[in-house]
Amino acid sequence: MTNQSKKITLIGPFGVGKTSLFKRFVDNTFSEDYKSTLGVQIQKKVITMNDGSQLSLILWDTEGTIKVSEGRSSYLLGTHCFVYVFDLSRIETYENINTQIKYLKEKFPNTPVKILGNKLDAVNIKNVEVTLKDLQVEYDFLASAKTGDKVDELFLEIAVDLVN
Amino acid sequence: MKQTNRLELLKEILLNEEKEVTSELAEKVAQLSSILNEEEELAKKVNPLMDRKINQLVDEMPKKLSPVITQSLKNEIKNSQDAVIEALFPIIGKLIKKYISHEMQMLNAKINKQLAETFTIKGWFKSKKNKSRVVDEAFLATDKPELIQILVVEKESGILKASYTHADKETIDEELIGGMLTAIKSFVEDAYSGGNQNLETIAYDFYTLHIQNFYNYYIVAVINGLYTNEVKNKVENLLLDFAANGVSKDSINNNELFSNKLKLFFSDKSI
């Protein structure tokens with residue numbers, strides 16, 4: 001059994017709930033107060049895998065930027081998996097998402113990207129799904145940091161993918 | 001004349017020339033046989049030829065092989081650039097340190113000479129009276145620096161590769177320290193130097209984080225106490241020695257092995 005560490009970086013526009021997802025996963029807490037992240041904050045969560053080995057997920061919660069290229073690129077270096085977060089309740093956070101994902105994949109061709117729509121609790125899922133389809137937005141998870149819906153599932157899927 | 005004698009005479013006339021040739025050939029074969037079978041004789045004939053050929057090879061080899069070897073080396077270095085740089089980093093670091101140390105000694109000697117020429121005996125007595133040097137030494141003795149933690153961190157990801165913490169010192173999670181230090185380093189290096197310089201120290205109260213940068217990783221030595229140039233120099237030498245002797249591809253990929261190496265190397269080291 002080997003213990004490994006992997007860096008996961010959360011990126012996306014301002015106020016989409018990256019920090020809330022981060023806190024929900026690490027501390028299982030949620031706050032309605034919005035405090036913009038300056039620079040980056042780092043937390044760690046250790047996951048025990050099925051084979052008994054332990055995986056340390058080192059989570060980098062970066063400050064929001066409209067475009068990925070506007071962020072501090074050095075924070076993205078060495079990332080083992082990106083989580084691109086958008087806000088389901090604000091179309092401006094995902095109407096150009098494909099351009100951002102394309103940029104990210106060009107810059108980091110060997111790093112997987114998970115796309116997550118947050119604030120599922122604040123929208124009508126059927127209407128949002130239509131909009132997402134119209135805009136050809138491909139996503140991996142629709143989640144809610146507030147209720148905790150699909151948050152653990154996202155990080156556990158990443159953990160399994162990284163170990164395998 | 002009898003029939004038989006005539007035939008003998010005819011034979012002699014016809015074969016006389018061939019007999020001479022055969023005799024000459026037999027003599028030459030005997031000579032060659034002697035050369036081939038007797039080592040000394042053979043050596044006399046062959047050695048000059050071999051010497052000539054060897055000299056010719058020595059002359060031609062660099063011309064013919066040099067481009068091939070150079071190209072192979074170039075390819076090898078190009079294909080394993082990271083490994084080569086990783087191996088050279090500590091050696092280059094030592095060379096640069098040695099050079100700087102030498103230059104500093106020269107500068108020091110120059111300053112001392114200048115001071116000796118500038119200050120009078122009266123000034124010397126005055127400084128003695130103040131006992132400033134004695135005070136400095138006493139201060140240094142009471143605040144002896146201590147190496148309390150060593151962290152080896154992957155440069156880009158900030159992932160901790162190995163750590164060693166002095167038995168009676170406890171800190172927060174070392175993996176978080178590795179990540180935060182990398183973020184701070186990235187921020188400072190981006191903000192003030194355009195990426196060409198490295199953050200080398202972070203000071204906090206009595207603690208100094210000495211950061212020694214290598215190609216793919218950096219080593220942080222946490223020092224408690226007075227961090228003077230002398231201490232900095234000792235820590236640099238220790239870390240360069242460790243990087244040159246204790247870091248290998250195997251150890252980098254095996255955190256447990258790497259941490260054990262770190263412990264073995266630093267547990268009995270004082271600064």
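Predicted model: local features only at pLDDT ≥ 70, side-chain atom pairs only at ≥ 80, totals over all residues.

Colleague: How many bridges join β4 and β5 of chain B, and do they run parallel or antiparallel?

Modeller: There are 7 bridges between β4 (residues 207-213) and β5 (residues 217-224) of chain B, and the two strands run antiparallel.

Colleague: What's the strand order in the sheet they belong to?

Modeller: In chain B the order is β2-β1-β5-β4-β3, an open sheet of 5 strands with antiparallel pairing. β2 (160-165) and β3 (201-204) of chain B each have a single partner strand, so one side of each has no neighbour in the sheet. On average, neighbouring strands there are turned by 15 degrees against each other, ignoring direction.

Colleague: Which helix lies across β4 and β5 of chain B?

Modeller: Helix α7 (residues 229-246) of chain B does, at about 140 degrees to β5(B). Over β1 (146-154) and β2 of chain B you'll find helix α9 (residues 255-266) of chain B, which runs at about 35 degrees to β2(B).

Colleague: Switching to chain A. How many helices and strands does it have?

Modeller: Chain A has 5 helices and 6 strands. Starting at the N terminus, they come as β-α-β-β-α-β-α-β-α-β-α.

Colleague: And what's the strand order in the chain A sheet?

Modeller: β2-β3-β1-β4-β5-β6, with 6 strands in an open sheet and mixed pairing. β2 (40-48) and β6 (141-142) of chain A are the edge strands, each pairing on one side only.

Colleague: What about β1 and β4 of chain A, do they pair in the parallel or antiparallel sense?

Modeller: Parallel: β1 (residues 4-11) of chain A pairs with β4(A) over 4 bridges. If you want a spot to look at, A:T9 stands opposite A:F82 in β4(A).

Colleague: Which strands does α5(A) lie across?

Modeller: α5(A) lies across β1, β2, β3 (54-62), β4, β5 (113-118) and β6 of chain A, and runs at about 120 degrees to β3(A).

Colleague: At what angle do α1 and α5 of chain A cross?

Modeller: Roughly 80 degrees, and the axes of α1 (residues 18-27) and α5 (residues 151-163) of chain A come within 9 Å. That angle makes α1(A) roughly perpendicular to α5(A). A:L21, A:R24 and A:F25 of α1(A) make the contact with A:V151, A:D152 and A:F155 of α5(A). By class, that's 4 nonpolar, no polar and 2 charged residues.

Colleague: How much of chain A is buried?

Modeller: Of its 164 residues, 35% are buried. As for contacts in chain A between residues at least 6 apart in sequence, 71% join residues at least 24 apart.

Colleague: Now the place where the chains touch. How many residues does each side give?

Modeller: Chain B gives 15 residues and chain A gives 14 residues. Helix α6 (residues 174-193) of chain B supplies the largest share of the chain B side, with 8 residues. That side of chain B has 6 nonpolar, 4 polar and 5 charged residues.

Colleague: Last one: where in chain A is confidence lowest and where is it highest?

Modeller: Helix α2 (residues 73-76) of chain A is lowest, with a mean of 90, and strand β4 (residues 81-87) of chain A is highest, at 97. For chain A the mean pLDDT is 92, with 99% of its residues reaching 70 or more.

Terms used
Residues numbered from 1 in each chain as written. Chains lettered and ligands numbered in written order. Buried ≥ 20, exposed ≤ 12 C-beta atoms within 10 Å, placed from the backbone. Contact = placed C-beta atoms within 7 Å. Pairing = 2+ DSSP bridges. Axes fitted to C-alpha atoms, helices over the stretch in contact; angles between N-to-C directions. pLDDT = per-residue confidence, 0-100. Nonpolar A, V, L, I, M, F, W, Y, C, P; charged D, E, K, R; others polar. Parallel < 35°, antiparallel > 145°, perpendicular 65-115°, else oblique.
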